[in-house]
Amino acid sequence: MKNSPASNFFEIFAGLPIDTMHEATETEDEMKQTYWALVHYDGTGDYGISFPDFPGCVSAASTMTELVEMGTEALNFHIDGMHEDGDQIPVPSPAVEMIDDAIGIVAITATIPGKKRRINLTLDANLIDQIEAKHGKRHVSGFLEEAARRAL
């Protein structure tokens, strides 16, 4: 198994702290959850990642480092889509089983969106007009929310 994708996986990710795997971390504005992901190797030098708690959420990359980055992006995108659709975000499974072509398991942390809350906000009228002209009158809140997420 020397220099195989599986041995490389364990060299790269040996010693990752998983004892706090299912502790939700929460700040004022967001909550983070850590989910298990299965790492796959296709035999041609590319890696894949899948999430047992989120069927259909997958990504791929040519290195393990890129795979974790792409997996994190895919998981956050998938969770955002579920949130927008009103679907319930699953609680992380306490454990996962190695299946079929999986060569390893890695923990990926994702941001879980919170519930919407109505607030009264005062802004420059010209600024509001510009937002409405560019994004539509019904999308001011969404624009401000996205701008705030990027700024924070």
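1. R150 and E146 are four residues apart in helix 4 (residues 140-151), so about one helical turn separates them. Their side chains meet in a salt bridge, at 3.2 Å from N to O. The term salt bridge means a side-chain nitrogen of Lys or Arg within 4 Å of a carboxyl oxygen of Asp or Glu. The structure holds one such bridge. Side chains of opposite charge can pair when their charged atoms come close.

2. The model is predicted: local features need pLDDT of at least 70, side-chain atom pairs count only at pLDDT 80 or more, and totals for chains, interfaces and linings use all residues. Residues are numbered from 1 along each chain as its sequence is written, and side-chain values use heavy atoms, with hydrogens and water left out.

3. How exposed are the two partners of the bridge? R150 has 68% relative accessibility and counts as exposed. E146, at 37%, counts as partly exposed. The cut-offs are under 20% relative accessible area for buried, over 50% for exposed, and partly exposed in between (1.4 Å probe, protein chains only).

4. The protein chain has four helices and five strands. Along the sequence the pattern reads α-β-β-β-β-α-β-α-α. Helices (H or I, at least four residues) and strands (E, at least two) are DSSP runs, numbered from the N terminus. The chain has 152 residues, and buried ones make up 30% of them.

5. Helix 2 has 21 residues. From first C-alpha to last, helix 2 reaches 30 Å, close to the 30 Å expected at 1.5 Å a residue. That expected span is 1.5 Å times one less than the number of residues. The buried residues of helix 2 are M64, L67, G71, A74, L75, N76, I79 and M82. After helix 2 comes G86, with a positive phi near 80°.

6. M70 also sits in helix 2. M70 is partly exposed, at 35% relative accessibility. M70 and G48 are 22 residues apart in sequence, and their C-alpha atoms are 9.5 Å apart in space.

7. Which residues form the negative surface patch? They are D80, E84, D85 and D87. D87 lies in the loop between helix 2 (64-84) and strand 5 (102-112). At 41% relative accessibility, D87 is partly exposed. Patch members have over 30% relative accessible area and no salt bridge; like charges are joined within 9 Å, nonpolar side chains (Val, Leu, Ile, Met, Phe, Trp, Tyr) within 5 Å. Asp and Glu count as negative, Lys and Arg as positive; His and chain ends are not counted. Charges are placed at NZ of Lys, CZ of Arg, CG of Asp or CD of Glu.

8. A nonpolar surface patch is formed by I119, L121, L123 and L127. Together they have about 350 Å² of accessible area (Shrake-Rupley, 1.4 Å probe; for residues, only the protein chains shown count as cover). I119 is in the loop between strand 5 and helix 3 (125-135). I119 is exposed, with a relative accessible area of 59%.

9. Helix 3 includes D129 and Q130. D129 is partly exposed at 45% relative accessibility. Q130 is exposed at 55%. Where does V140 lie relative to D129? The two are eleven residues apart along the chain, with 9.6 Å between their C-alpha atoms. Q130 and V140 are ten residues apart, with a C-alpha separation of 9.8 Å.
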